[in-house]
Amino acid sequence: MLQQNGKPYPHCRLLYQTLQQLSAEDVTDMQQRVARAFRSAGITFTLYGDGETDERIIPIDCIPRLLTASVWQQLEAGLAQRLQALNLFLQDIYHEARIVADGVIPAEMVRGCPKYRIEMRGVEVPNNSWVALCGTDIVRTNDGFFVLEDNLRVPSGASYMIANRRVVKSNLRYLYRKCKVQEVEQYGAQLRRTLCELAPHGKSDPCIVLLTPGVHNAAFYEHIFLAQEIGAELVEGRDLLVSNACVYMRTISGLRQVDVIYRRIDDDFLDPLVFRPDTLLGVPGLLHAFKRGNVALANAPGTGVADDKSVYAYVPDMIRYYLSAEPLLANVKTYLCRRPDDLAYTLDNIAQLVVKRVDGAGGYGMLVGPQASDAERAAFITKLRANPADYIAQPTLQLSRSPCFVDGCVEPRHVDLRPFVLHGQQTRVIAGAFCRVALRAGSLVVNSSQGGGGKDLWVLGD
Amino acid sequence: MLSRNAYSLYWLGRYLERAEHLSRLLHLQVETLVDRSRREIHYGWRRIYGNLQRRPPLASADFELYDSDDLTLADAYTLADDLTCEASNPDSLHSCIASGRENARQSRNCISHEMWVCLNRAWLQLKDIRFETIWSASPEHFYEQTTQHLCTFIGTARVTMYRAQGWGFMQVGRALERAQQTISLLLTQLAINHKQNNAFDADWLSLLHLYQALDAYRWNYSVQVDSAQVLQLLVNDPRLPRSLEHALQVIVAEIATLPVGTVSSDHELRQLCAELSGDTQREHRTKLERAREKLNTLDQLIVNSWFDYGIEDHLPRHDG
């Protein structure tokens with residue numbers, strides 16, 4: 001919000017003035033109102049541990065993060081380009097694999113990735129939309145915006161994007177109106193449109209369902225919310241069955257055929273006849289129905305290979321290869337520890353690097369070098385030497401900070417953002433994002449499962 | 001509508017009705033502790049545990065519900081705690097509301113936002129409360145407040161829930177639970193009185209309070225409590241919202257609005273509905289026992305018809 005001279009950026013001037021007019025009491029009241037509203041509405045995520053279930057709200061900070069329309073347009077173009085390249089990559093590696101044959105990406109990186117699904121080789125996907133929904137994590141430093149990660153399997157956070165907006169808007173209504181903020185409410189309609197475009201045989205008004213692991217899933221609230229927003233039935237695996245390569249759901253009036261499944265279940269649990277045989281979450285025969293073209297899955301199985309942290313390092317190469325263009329959004333410099341040179345660099349500089357497992361998620365299993373103890377670094381070095389191909393390393397970024405309400409005062413905290421990109425017959429990017437914030441002073445970990453919070457992102461009107 | 005959602009709403013209705021019934025019973029019971037006789041107090045506990053068909057805590061191996069000796073070794077605090085906050089008791093107030101809320105959570109996309117917020121708020125107040133806090137403050141206030149929360153939920157549902165199939169299943173669940181609880185309670189009372197070979201007006205008067213029927217009783221009959229007239233009102237008068245007859249009529253009316261389920265069960269179900277309401281049996285105990293059997297059958301038919309049907313007859317035929 002503030003420039004180096006301590007004055008607010010022009011587009012933040014109104015926000016700055018508003019914050020100056022708020023007393024500590026006003027701020028505390030506002031935060032408590034928001035927390036109560038979230039708790040009453042059950043906008044929670046669930047943590048499991050020690051046999052107990054804990055429903056927690058994601059703490060929401062009421063100060064929005066602001067981006068100008070021009071900055072957003074650049075991000076939007078970069079996101080759309082990136083998803084287009086990723087879809088082309090997935091189509092390619094499950095068919096001719098030209099990018100491998102041409103030596104752009106090593107074969108072992110793709111075929112050796114545990115998320116590469118042999119079962120998907122040769123499968124045709126409607127509109128080549130392997131990834132119909134993507135949540136891309138973006139950070140900002142003094143050098144600009146960088147993509148931290150592409151979430152291509154079951155990206156979450158869209159419901160919090162909308163929930164945050166509703167509650168912050170009602171608490172800062174004057175400011176909201178003055179800023180002419182671009183809407184996010186149409187996300188549900190856009191998502192439905194995208195899903196309809198995947199319907200088999202171009203069926204108009206397809207039967208769409210959202211497949212959830214169930215009430216015990218951490219993101220169950222989001223599943224309910226999105227199902228309502230897109231007008232889809234919320235189903236679990238036990239509500240569905242496959243007969244003659246068609247998918248049906250059990251209703252009170254008998255069985256009804258399903259055309260499109262927006263699935264929030266990982267590949268491993270999707271179909272016990274193909275993947276994990278011990279799963280009760282999936283639907284036996286689902287992949288067969290999908291391959292026969294009788295049901296669409298968003299996102300298609302096998303997309304996890306493209307959001308592997310090692311493959312991430314090649315996304316700029318994918319853009320150049322498939323689109324003959326330079327990436328509009330940069331990657332964070334990434335060291336692939338499977339490469340001897342990168343491993344050597346990582347071991348020598350571990351105190352300055354962030355080291356992550358290639359299949360990690362939620363901020364777990366990673367080392368933040370500058371914040372780790374000698375013992376923690378030593379333990380990680382042991383793991384690196386034992387299985388270097390399982391790790392990547394990146395420089396510790398000085399993430400941008402955004403003002404947050406902390407104990408009645410305004411203090412800076414590190415933030416990132418996760419915008420959502422939809423890809424059916426066309427690419428759609430909603431002008432907003434789930435903005436995550438590391439609530440502990442000095443922390444760089446924004447993940448909600450580790451105490452992170454959320455903010456609303458306002459993309460200002462022209 | 002998904003069968004699973006219909007099932008959740010059916011049980012949402014049942015659990016919250018069960019909770020409200022128990023909350024009213026306990027409210028009544030803790031009021032007796034203030035100034036009523038020991039006989040009346042024990043009668044009340046006996047009636048509650050008989051209604052729930054549950055053994056009280058610390059009961060001996062040869063405990064007999066209808067025995068004229070002391071009910072149990074447990075004091076009022078232990079009994080009330082068992083029925084209010086005991087998590088291992090599936091029929092406790094806490095467990096019923098928790099189960100109701102869980103069913104609401106499972107079918108959250110089928111209920112209104114206002115209903116969910118109302119129930120969730122009530123749950124958030126209740127979930128971590130300790131019984132010693134309730135007991136030392138005011139148990140009467142706690143039960144009154146709990147009942148109010150549950151009634152507020154029903155009222156919120158009435159004004160916000162779209163009258164589609166989900167509403168019907170929830171109403172059927174509520175009415176069926178109310179009918180079964182009423183039958184169980186009245187049969188328990190009759191059994192206790194028969195075993196003890198006596199009846200006290202105070203015990204029938206307390207039933208009128210429980211069913212919020214005292215004004216109706218006085219309006220129809222007199223200020224003098226007569227057990228036969230109390231039974232007539234609570235069992236047969238459809239104008240009393242909590243009477244058995246009213247509950248049966250709601251069940252029949254709501255089932256009539258639901259779509260045809262599994263054909264084989266549906267026919268039997270509708271036939272049973274036709275027999276449910278308007279039973280002209282004059283002997284109350286017989287009528288109650290007959291209704292109990294029919295309602296147990298009805299519950300199973302509902303499950304077979306809409307929730308847990310075999311899919312073989314529903315699979316589409318495919319050529320080739």
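Reader: For contacts in chain A between residues at least 6 apart in sequence, what share joins residues at least 24 apart?
Author: In this predicted model, 68% of the chain A contacts between residues at least 6 apart in sequence join residues that are at least 24 apart.

Reader: And what about the radius of gyration, why does it agree with a compact globule?
Author: A compact globule with 462 residues would have a radius of gyration near 23 Å, and chain A has 22 Å, which is why the two agree. Along the principal axes, the C-alpha trace of chain A spans about 65 × 60 × 50 Å.

Reader: How much of chain A is buried?
Author: Of the 462 residues in chain A, 58% are buried, while the accessible surface of the chain comes to about 18,800 Å², with 47% of that area belonging to carbon and sulfur atoms.

Reader: Switching to charge, how many positive and negative side chains are there?
Author: Chain A carries 50 positive and 50 negative side chains, and the centres of these two sets lie 4 Å apart.

Reader: Now secondary structure: how many helices and strands does chain A have?
Author: There are 14 helices and 23 strands in chain A.

Reader: Let's pick one pair, then. Which way do β8 and β9 of chain A run, parallel or antiparallel?
Author: Strand β8 of chain A, residues 240-243, runs antiparallel to strand β9 of chain A, residues 246-251, and four bridges join them. Within that pairing, Ser243(A) has Cys246(A) in β9(A) as its bridge partner.

Reader: What happens between the strands of that hairpin?
Author: Two residues lie between β8(A) and β9(A), and in this hairpin Asn244(A) takes a positive phi near 55°.

Methods
Residues are numbered from 1 along each chain as its sequence is written. Chains are lettered from A and ligands numbered from 1 in the order in which they are written. This is a predicted model: local features need pLDDT of at least 70, side-chain atom pairs count only at pLDDT 80 or more; totals for chains, interfaces and linings use all residues. Side-chain values use heavy atoms; hydrogens and water are left out. The radius of gyration is taken over C-alpha atoms; the globule rule is 2.2 Å times the number of residues to the power 0.38. Buried means under 20% relative accessible area, exposed over 50%, partly exposed in between (1.4 Å probe, protein chains only). Contact means heavy atoms within 4.5 Å. Accessible areas come from the Shrake-Rupley method with a 1.4 Å probe; for residues, only the protein chains shown count as cover. Lys and Arg count as positive and Asp and Glu as negative; His and the chain ends are not counted. The place of a charge is taken as NZ of Lys, CZ of Arg, CG of Asp or CD of Glu. Two strands pair if DSSP finds at least two bridges between them.
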